[in-house]
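User: I have a few questions about how the labels in this model were assigned. Could you walk me through them?

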Amino acid sequence: MSNTTSVLYDHPGPRARIRNRILTVVFGVAILALLWWIYRRFDEAGQWDGNLWRPFGETTTWTQFILSGLRATLFAAAAGMALSLAFGVVFSVGRLSDHWWIRIPCGAVVEFFRAVPLLLMIFFIFYAVPFLIKAPVSAFWAVVIGLTLYNGSVLAEAFRAGIRAVPRGQSEAAYALGMRKTLVMRHILVPQAARSMLPVIVSQLVVLLKDTALGYIVAYPELLQRGVNDLSANFGNVVAAAIVVALIYIVINSLLTLLAGWLGRQGQGPRAPKAGEATQPSAPSKAADEGAVATA
Amino acid sequence: MRITRVVAVAAAAALSFTVAACGGDDGDSSGGSSASGIIGKAESSKKLIIGVKSDQPGLGLQTGSTYEGFDVEIGKIIAKGLGVEESGIEWKTTTTPNREPFIQQGTVDLVVATYTINDERKQKISFAGPYYVAGQDLLVKADNTDITGPESLAGKKVCSVSGSTPAKRIQTDYPQAQLQLFDAYTKCLPLLENGQVDAVTTDDIILAGYAAQDQYAGKFKVVGKPFSSEPYGIGLKKEDAAGCKKINEILAAAAADGSYKAAWEKTLGKSGAPAPTLDTSKLTHCPA
Amino acid sequence: MDVFSDPRNLDATVSGFLWILKLTGASAVLALVLGVLLAAMRVSPIPVLRLFGAAWVNIFRNTPLTLIIFFCYFGLYSTLGLTLSEDLVRNIYWLGVVGLSTYTAAFVCEAVRSGINTVPPGQAEAARAIGLTFAQTLRIVVLPQAGRAVVAPLGSILIALCKNSTIVGTIGLMESSSVMKDLINSYGNAGILIFAVFAGVFALLLIPTGYFFGWLANRLAVRR
């Protein structure tokens, strides 16, 4: 694929090289100065005090607080991922149905759950749904169902964009072979869409993982609740604990993002993009671009 | 139409999960008779789920895999009185806003979590106890002299937990104070230390627990002029009058045989505070 | 069902949504400016700037917003002493805006960057051929065309931002989710109604916004 970002500027000549070097130094120094200042202020506020950080040298801190929280986070994220992928496939296909009585309700569900803040949804499922169904909803399921409804709806839209971006010839050829609509969807369209939308799907899964942090609102013992709230109740080190927990989130999500990038490159194998480029030059990549940020 | 179906499916999944998790809990539709209340459950399953706070040193603090504190000890006394071994207790973290829903929905059998008895809550649940009477107070820096009570809060920044009784009292009775609300008191303490809030307010006993933590030793003091009376009760299902009375009997017995005092000595008493006396004549909140 | 007939509850609800709108408005502007700047950095010839942009995106996009907002309060304000307003509530508001824009800018940056890639390389090459500098190429030729391609993703980001602004409630702003929480706690039996009202307002605000951006994107799309 050709890339505009790589042709935005000339190879620097002697003057440009000097200018770039000066800018590099100036900006680099500015950033280092800022980091130094932050470090100093944290120092003055006593945030590097050994007592605040000592708990992180003990195994019990890790096993009982951080790792147990991390396990709960990953557990909820895994369940949410599986369910929202299923939800996404079902509702994207539903929204593309030929029957209005399937298409419209599916559309309404997807639009509604994309518009309601997750925080409200989890809270509602946990506190109000039990009055409806006359049985308690555990914090785990409140988080997982909330994540599924929201992220599943976003994924449904991503799948739909992906399905529509599959070249017409593919489905026409399948129909010509005598396949029925369900079969065309299942064997031709959805697999190709899933492949072209892989980066989008994985970046949405990163969002899902981050959103498990909202589980604190129903006291689900996830990483934020255990690692920041409960840990700091024991040791009084709320800022230090938050820094450690943030680093863990960043590492895990970066790994997932790297995976997304790698899958994206794998997905651009010999077949799919060639076919796409021949008929509709920018359709799959455009759909992917739109989806890639339809998240947050 | 679709929405309800999705919710119903989700709910069914949730239901099957929780039922599986809770073992022999036979539901909540029949809370009226004594056999199916908390006494019945304790007898038949030898298990209890007790909700406690997880972030209040001295009262209910989750230290890794276990909980410790005065509330936890009270929970153990009651479980014992109902014939449930310590190993049969499942502790569950409750937060200030989710205590009533937890009881109403049967997520927990009992709540012992610095739970103030009041009429608004009595509409939804019933209270055994009180087993302790706290009072709202202020925590300030050790060298602070200008905050002497709630009247001196005008224009000051006060930190508390959203949805809690102390926060509501400041809002209605002392509206001139600026209120900073979080989801946990632990977040108020570094602010008090840095001077970004002037006081933290909640019940004196909770404040004392925080002030006594190693991390903050000597930095804070409790003003010592409680401006409310917060009788701590034990929350359970509204219909369960028999269970409520039984818990009151257990509390009275604990006061008589010294196990109440022992619970105090083991937890909050470690800071030297003398054990309170449990006034058995006040155990009158159970529904008729 | 007398939750919303009590004027105090109604006031709280309205002011909760006003906070959401104010948070969204201010953060949207800041995040857009910051995001475009970051995108320019990420495609610039200077390695330090590229590194800075990449670091920003990777750090803030991978941290839960709850934690970012938390750091704005406990890091920027409490520890670094950055006070944005003397009034307690205004201060929380602005700290929330900083957190939301920091987080959202990372997403805007990535949207703009992929938008730049939709502009055919020939455009940039032609711009260079007539002697435009990097800044001029970007400003006059590439970004205006990229802008059309990023309308749809920016719309999605705006909608996400509006919903995310409920998270500022964690540092004590009485925005709509905190109000809903309080109301459900006081009127448990009317939980369904309360949720319907709050979710309904969000849906009424955001579904049309989504369709508007879809329509706008179609209208502005460059036909190639």
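User: Where does B:Pro130 lie?
Analyst: B:Pro130 lies in strand β7 (residues 125–134) of chain B; strands are DSSP runs of E with at least two residues, helices are runs of H or I with at least four, and both are numbered from the N terminus. A cis peptide bond with omega of about 10° joins B:Gly129 and B:Pro130. Most peptide bonds are trans. This is a predicted model, where local features need pLDDT of at least 70, side-chain atom pairs count only at pLDDT 80 or more, and totals for chains, interfaces and linings use all residues. Residues are numbered from 1 along each chain as its sequence is written, while chains are lettered from A and ligands numbered from 1 in the order in which they are written.

User: What makes B:Thr114 buried or exposed?
Analyst: B:Thr114 has 26 other C-beta atoms within 10 Å, so it is buried (20 or more; exposed is 12 or fewer, partly exposed in between, with C-beta atoms placed from the backbone). B:Thr114 is in strand β6 (residues 110–116) of chain B, and its phi is near 40°, a positive value.

User: Why is strand β5 of chain B called largely enclosed?
Analyst: Four of the five residues of β5 (residues 89–93) are buried, so the rest of the structure largely encloses this strand.
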